[in-house]
Amino acid sequence: MNVLLTGGYGCIGSWITRNLLERGSRVWIYDLKEDPKRMRLIMDETPIRKVTFVQGDVTDLPRLRETLEKQQITHIVHLAGLQVPTCRADPILGAKVNVLGTLAVFEAVRALQGQIQRLVYTSSAAVFAPPDFYHPSPPGRGAKGEGGSLADDVLLTPSTHYGVFKCCNEGNARIYFQDFGISSIGLRPWTVFGVGRDFGMTSEPTKAIKSLALNRPYHITYGGWQDMQYVDDVAKIVVRCLEAPYQGAKSYNLRGHVVDLPALHRALCEVEPTAADLITYGERQIAIAYDLDDQALQRDLGPMPLTPLTEGIRQTLEAFRKLQAEGRLDTSDLV
């Protein structure tokens, strides 16, 4: 595969790149600037040198189309976007990047339909309403509307501009399939954790693990329930969606480990007992439904990987400790 990742220098993009390179794919990163700092946390320089950087704005359709055509790209992973805080502070900029940028990707694919074989893009669990909207019960799989896990197609009523923009992208993807036969796969991650996750509303569990590596205290500002998803699992799911036979334009829930903050704290303590004193957490529930059903994803494109929560924490902690021993652990996100 010749794979182009928009916004590929982020945490998820770096892990996808590592997985693609390990499988022998060729990788291009299309982004505003070259910044492989997160890749260097999880890869040596030798594989990183195999990645080709192309400078470009995702909203620049002529530049994007030229890149896809010139580099003979066959598969696209669209990750570029602005997250919740930026969209809240500047909704117009958020819409320009998140919505118009996504439309530019689809338009470029439409112009090169014979060449582009698969488009996978990140949506978000932020498309869902707060948990109370869906009459929640204790987490567990169940039929839609009966208080169990929520299927992909429940009513989406997001509580942020960011979530609304992601809903718009999912709707536009459906129209591109309806009108032009362009298949795409949207994925809705929740709390992604692992090395390189240093920004965003749900980056705090990763920062807590990094603090453990430094023997520092850390307070997770929120509480309640969330869905913990190990970043390498998410990356492998994206790669699976690039490769698996598929036709349509569906958006799929991802599901990792649905836990409340006390359960996450116990998992941290199991891996590193000093977490009992170093890590604390708040009470505020994040206003996004957390108990999401991934049966459609497993049925249509699975099976998907699921690393045990304690193992994902253990691998992340060990990696942070190794980086610290090498003098390469960036702690600026902990300030």
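Trainee: Which residues lie nearest the centre of the second largest pocket?

Mentor: R18, L41, I42, A319 and K322, among the 16 residues that line the second largest pocket. This is a predicted model, where local features need pLDDT of at least 70, side-chain atom pairs count only at pLDDT 80 or more, and totals for chains, interfaces and linings use all residues. Residues are numbered from 1 along each chain as its sequence is written, and side-chain values use heavy atoms, without hydrogens and water.

Trainee: What makes a residue part of a pocket lining?

Mentor: A lining residue has an atom within 4 Å of a pocket point. The points sit on a 1 Å grid over the protein atoms alone; a 1.4 Å probe fits there, and a pocket is an open set with protein on both sides within 12 Å along at least five of seven lines. R18 is one of the lining residues of the second largest pocket.

Trainee: Which helix gives the largest share of that lining?

Mentor: α13, with five residues. Helices are DSSP runs of H or I, at least four residues; strands are runs of E, at least two; both are numbered from the N terminus. α13 spans 309-325.

Trainee: Why is strand β6 called largely enclosed?

Mentor: Buried means under 20% relative accessible area (1.4 Å probe, protein chains only). Five of the five residues of β6, 184-188, are buried, so the strand is largely enclosed by the rest of the structure.

Trainee: What makes β6 and β10 a pair?

Mentor: Two strands pair if DSSP finds at least two bridges between them. β6 and β10 have five, in the parallel sense. I185 stands opposite K250 in β10.

Technical notes:
Buried means under 20% relative accessible area, exposed over 50%, partly exposed in between (1.4 Å probe, protein chains only).
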